[in-house]
Amino acid sequence: MSDTRRRVKVYTLNEDRQWDDRGTGHVSSTFVERLKGISLLVRAESDGSVLLESKISPNTAYQKQQDTLIVWSEADNYDLALSFQEKAGCDEIWEKICQVQGKDPALDITQDPIDESEEERFEEIPETSHLVELPHCELSCLEEIADLVTSVLSSPIRREKLALALMSEDYLKKLLGLFRVCEDLDNREGLHHLYEIVRGVLFLNKAALFEVMFSDDCIMDVVGCLEYDPALVQPKRHREFLTKTAKFKEVIPITDSELRQKIHQTYRVQYIQDIILPTPSVFEENFLSTLNSFIFFNKVEIVSMLQEDEKFLTEVFAQLTDEGTDDSKRRELVNFVKEFCAFSQTLQPQNRDAFFKTLANLGILPALEIVMGMDDLQVRAAATDIFSYLVEFSPSMVREFVMQELQQTDDDVLLINVVIKQMICDSDPELGGAVQLMGLLRTLIDPENMLASINKTEKTEFLSFFYKYCMQVLTAPLLANTAHDKNSKDLQEGATKINPVCPDNFQTAQLLALILELLTFCVEHHTYHIKTYIMNKDLLRRVLVLMNSKHTFLALCALRFMRRIIGLKDEYYNRYIIKGNLFEPVINALLDNGTRYNLLNSAIIELFEFIRVEDIKTLIAHIVDNFYKALEPIEYVQTFKGLKGRYEQEKDRQSHKLTRYRREARSMDDDEELWFNEDEDDDEAEAVDKSRMEDDYSDGYGKYMEAKKGATNGANNGKVAALPPTSPPATPNNSPAASVKTVALPASPVVKAPLVGLVDYPDDEDEDEEDEEEEEEQSPRKRPRLSS
């Protein structure tokens, strides 16, 4: 079926404007090495000979007609057509053509259509004149040449013809020769025409013309022509900058002359594109696509040639890590590696993988560890950029290195600790470098990009490493700036003032905000490790000190950290917050904010609204019990009244539950008394047989004494014998069940059912009274606050 789908007839247009059949064959779209591009290849079905070999040019206008016909013109006005046997085959080849040209396959023509008047003009041209006829290359014809070049830009076919004409007889080089004459004569009018000509030739978007224009012989003349923009009063001095100001530095001598020439050419062409040429309009954006490709492939070639030169790169990294290398040389080496990595972004993914693996094998990470710790700000900034490329390429590679590094060095010089210290010590008032490094650290500790294999789990190993060796370095500024008096815990219960942050300057506040942002990320993604660290370091208490900062953004960061913790709805965190009375600084901030309706006010209210909506019972009980009097006057939102309502609902529900338990306990007493009476009746009935009663007397007396002894011990130890199956077990005050029950019902008094033993003794009433007094003392309403 594939043979019939790809079966085509090849036609060419003869001089009489008639189509000639060149044969029948099968078409394919493949890369042809000779043409250096994807081409249409048709082989004859009879003998396999090549009927057609045509490169798919980015600017050739292909047209699909009648669902089975593709027509186009080659550069030398040689018209071709493929007639397909099946529509499916035509659609398949059409999609390939559109893919190469970057066009929509839904269209029937890949380039802008030519209007009828233009077609009529072309029909008037004699068939022998397949090229645009250029004026003589003389000073007097410059205006005519400029008009011709600018007039063809709107037509793809005319651009193609002009490009071919310019390539013939070294016409471009002759034009550039006229530039030198005009400049010697100070012929400004001619220079302005040459500016229009050279700019128009660049917009022809032809790689063959670029090869001529950007050669060593011509490129400076091209730059010179572009200096004389008619819109400028005085010409620019681009050549002076390129030859005198811009200096080419070889950190390691480059012996390959071709590589050196390619580097020079790429820099100058990039300068033309970025500096000299004006920003293209919407209609001109596609005119320089080939120029972009020219620069792109030059960079690919430079990276490949450098990567293949193992001696060159080995020498670069040897000098970079050599302690004897002076600072200026090291700065040049770091800048070279940075530019090298930047160029690598032009590589295809598989080639980029090979590039970074080469750098890793050469020791890029140990080298970075050295240069990131240097005092030179430029060197550190360049090293940060290199580190950024590596982390973006492969976070796992960096993580693997730092974990292996632990076995060979001290904690202080670990690469991640060096990065953290550079972030902390950033001297930029805006902390630009610190922000960049914080983003890289977040990428490294993000579990989403950590791999899990059969033999090892990267997530577990790396996070354990990070929290053991690096977290204390990250949180050191936070803990240092929130240090508070150790005796603050001994203050009276009503004290709510926490020591202010010191120093509370803007740069410190920005740094602490960055650290808090990273810690908040950890709360969201590192459940176990960060929970352990927060509990051990009492970290939330220290963070909430920042609620007193004069910088509102920092107070909001602290609040956001607590909000993420509460958002997890983890009872371990909730008990930690209750025990430390950690809502106090938040409520103080709300009250200190007064009636101002700002972001801080909204964020705090949202925190309490979340607790109310999610019905986090332990926190609701704690807030209402301890802070409702202070919050009750706030009536512009219903949040706090809602918390009180939730609290009352839970209290009523627990009260009903306890009432039901108590009612069941009383009915249990009646049933149990009836059971004892029935047991006595049975004993009286058995007394009929006197001899049997005497035989069993000793056994019965022994059981009676054992029961009495057990009941006595139970009263002393607070334990009772098991009740009959129809009665629920009563729980003593000092048992684990009683403590859980008390915690679950912090807002309501615990009422216990009276304990019923198997035998009623006269001294039990005194013990019951003592138990009731103990319960009164343990009532939650009368307990001291946990925070005191």
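I began with F462, which is buried at a relative accessible area of 0%, where buried means under 20%, exposed over 50% and partly exposed in between, with a 1.4 Å probe and protein chains only. The model is a predicted one, in which local features need pLDDT of at least 70 and side-chain atom pairs count only at pLDDT 80 or more, while totals for chains, interfaces and linings use all residues. Residues are numbered from 1 along each chain as its sequence is written, and side-chain values use heavy atoms, with hydrogens and water left out.

**Rings around F462**

I looked up the partner of F462 and found F466, with the ring centres 6.4 Å apart and the planes at 25°, so the pair is stacked. For ring pairs I used the rule that rings of Phe, Tyr and Trp (its six-membered ring) pair if their centres lie within 6.5 Å, with planes under 30 degrees apart counted as stacked, over 60 as edge-to-face and the rest as tilted. F466 counts as buried at 1% relative accessibility.

I then checked for charges over rings, which requires NZ of Lys or CZ of Arg within 6 Å of the ring centre and within 35 degrees of the ring normal. R399 lies over the face of F462 at 5.8 Å from the ring centre, and K531 lies over the face of Y573 at 5.9 Å.

The structure holds 20 aromatic pairs. One of them joins F356 and F393, which are stacked at 4.6 Å centre to centre with 20° between the planes. This pair links distant parts of the chain, since F356 sits in helix α15 (residues 349-362) and F393 in helix α17 (residues 377-393), 37 residues apart. I noted that F356 is buried at 1% relative accessible area, whereas F393 is partly exposed at 23%. Ring pairs also connect F356 and F393 with F312, F336, F340 and F355 into a cluster.

**Cavities**

I searched the whole structure and found two cavities of 30 Å³ or more. A cavity here is a set of points, on a 1 Å grid over the protein atoms alone, where a 1.4 Å probe fits but cannot get out, and lining residues have an atom within 4 Å of a point. Grid points are joined across faces, edges and corners, and a volume is the space filled by probe spheres set on the points.

The largest cavity has a volume of about 60 Å³, and its lining includes L172, I197 and M213. Helices α6 (171-185) and α7 (188-203) each supply at least two residues of that lining, which has eight nonpolar, no polar and no charged residues. The second largest cavity, of about 40 Å³, is lined by residues including N59, R159 and E160; this lining has two nonpolar, two polar and three charged residues. For the classes, Ala, Val, Leu, Ile, Met, Phe, Trp, Tyr, Cys and Pro count as nonpolar, Asp, Glu, Lys and Arg as charged, and the others, Gly among them, as polar.

**Cysteines**

I counted zero disulfides, taking a disulfide as a pair of cysteine sulfur atoms within 2.5 Å. C218 is buried at 5% relative accessible area, and C341 is buried at 0%.

Note on methods
Helix = DSSP H or I, 4+ residues; strand = E, 2+ residues; numbered from the N terminus. 1 Å grid on protein atoms, 1.4 Å probe; cavity = no way out; pocket = protein on both sides within 12 Å on 5 of 7 lines; lining within 4 Å.
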